[in-house]
Amino acid sequence: MTRLCSGFAEARSLSVGTVGLVPTMGFFHEGHLSLMERARTECDTVVVSVFVNPLQFDRADDLAAYPRDLGRDLALAREVPVDIVVAPPYEEVYPVEALTRVGVDRLTDHLEGPRRPGHFEGVTTVVAKLFAGLTPHRAYFGRKDAQQLSVVTRMAQELRFPVEVVGCPVVREADGLALSSRNVRLSPEDRQIAAALSHALFAAADVADSGETETAVLERRAREAVGAIDVEYLELVDAAEVQPLDRLSPPAFLAIAARVGQVRLIDSLWFDASEAGPVSDRGVRLDEPSILYR
Ligand code: AMP
């Protein structure tokens, strides 16, 4: 049975054994569900938080347009099944005037950091509150938001939260587009164009898989494949500190951001270390269109 809670204390009181947390902003798709399913296999209690965190939005229009449907999310969580959905009101997360912020330096100097002022401070502040309020043993994050995963991992380590941060593969549409709740705002034409972000990453991964490690070569190949899209950045960085690399040295990720129509999209492709050299993680693809469009 899936319980809906609005308070952290109630969610904590219902949690037994190993607790796995999946932090989300709701409007679930198969990417979110993959994190919940992974948590289900590894934890006794699976907790999913649904909170559209105003502090991490750098644009009021993006916050206002963010899709929300808690009834839909609950029905999908029940299918996993998730034990607890926590959908806190604003006051549960920000009980008094917000004077305390959590920020991570250096890891936020590139990619999303300079382009979305205050974004990561919003993310790390709310994730720290979720870790403190829900005391998970494991927390599951998607590799799509690669810099976020690196930043949260570092924050948990430095603040000594007793939680293991687990990164999970990117779930993609059949044509490669990474699932995102924002995809529902793409027009049909832009939806077709948006697949090019992933094609750029895959083109670079093809070159890397053939043994190439020079960043300039990987990035050039990706830019050739991206076509006419308005790319904000395309950069290979190390996963630990999110700094630009001259040569591919895993763990690392290639990150891309682009504006397609009204929507700003991001995607990432991770390279893991193995004895045989870097291994590219292209994520998993759906056979059918995502439940986002149902
Ligand atoms: P969001 O609701 O967009 O904040 O996302 C909640 C969590 O789901 C984050 O850890 C995201 O990285 C993860 N996530 C979002 N999209 C995907 C995807 N396509 N594949 C895997 N994880 C995802």
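This briefing covers the ligand site and the nonpolar cores of the structure above. The model is predicted. The largest nonpolar core holds 43 residues, and a second, separate core holds 29.

**Shell around the ligand**
- The ligand is surrounded by 17 residues.
- Met25, His32, Asp145, Val171 and Leu179 are the closest of them.
- By class, nine residues of the shell are nonpolar, six are polar and two are charged.

- The side chain of His32 places an N or O atom 2.9 Å from an oxygen atom of the ligand.
- Gly142 uses its backbone: an N or O atom there lies 2.9 Å from an oxygen atom of the ligand.
- Val171 also has a backbone N or O atom 2.9 Å from the ligand, but the ligand atom is a nitrogen.

**Elements that build the site**
- β2 (19–24), α2 (30–42) and β5 (138–142) each give two or more residues to the shell.
- α2 gives the most, with three residues.

**Nonpolar cores**
- In the largest core, the residues that touch the most other members are Val127, Phe131, Leu134, Phe141, Met155 and Phe253.
- Helix α7 (residues 119–134) supplies the largest share of this core, eight residues.
- Leu134 touches Phe8, Ala11, Arg12, Val19, Leu21, Val47 and Val86, leaving aside residues up to four places away in sequence.
- The second core includes Ala194, Ala208, Ile229 and Val260.

Note on methods:
Residues numbered from 1 in each chain as written. Predicted model: local features only at pLDDT ≥ 70, side-chain atom pairs only at ≥ 80, totals over all residues. Heavy atoms only, no water. Near = heavy atom within 4 Å. Polar contact = N/O pair within 3.5 Å; in protein donor to acceptor, adjacent residues only side chain to side chain. Helix = DSSP H or I, 4+ residues; strand = E, 2+ residues; numbered from the N terminus. Nonpolar A, V, L, I, M, F, W, Y, C, P; charged D, E, K, R; others polar. Core = buried A, V, L, I, M, F, W, Y, C linked by side-chain atoms within 4.5 Å. Buried < 20%, exposed > 50% of the residue type's maximum accessible area, 1.4 Å probe, protein only. Contact = heavy atoms within 4.5 Å.
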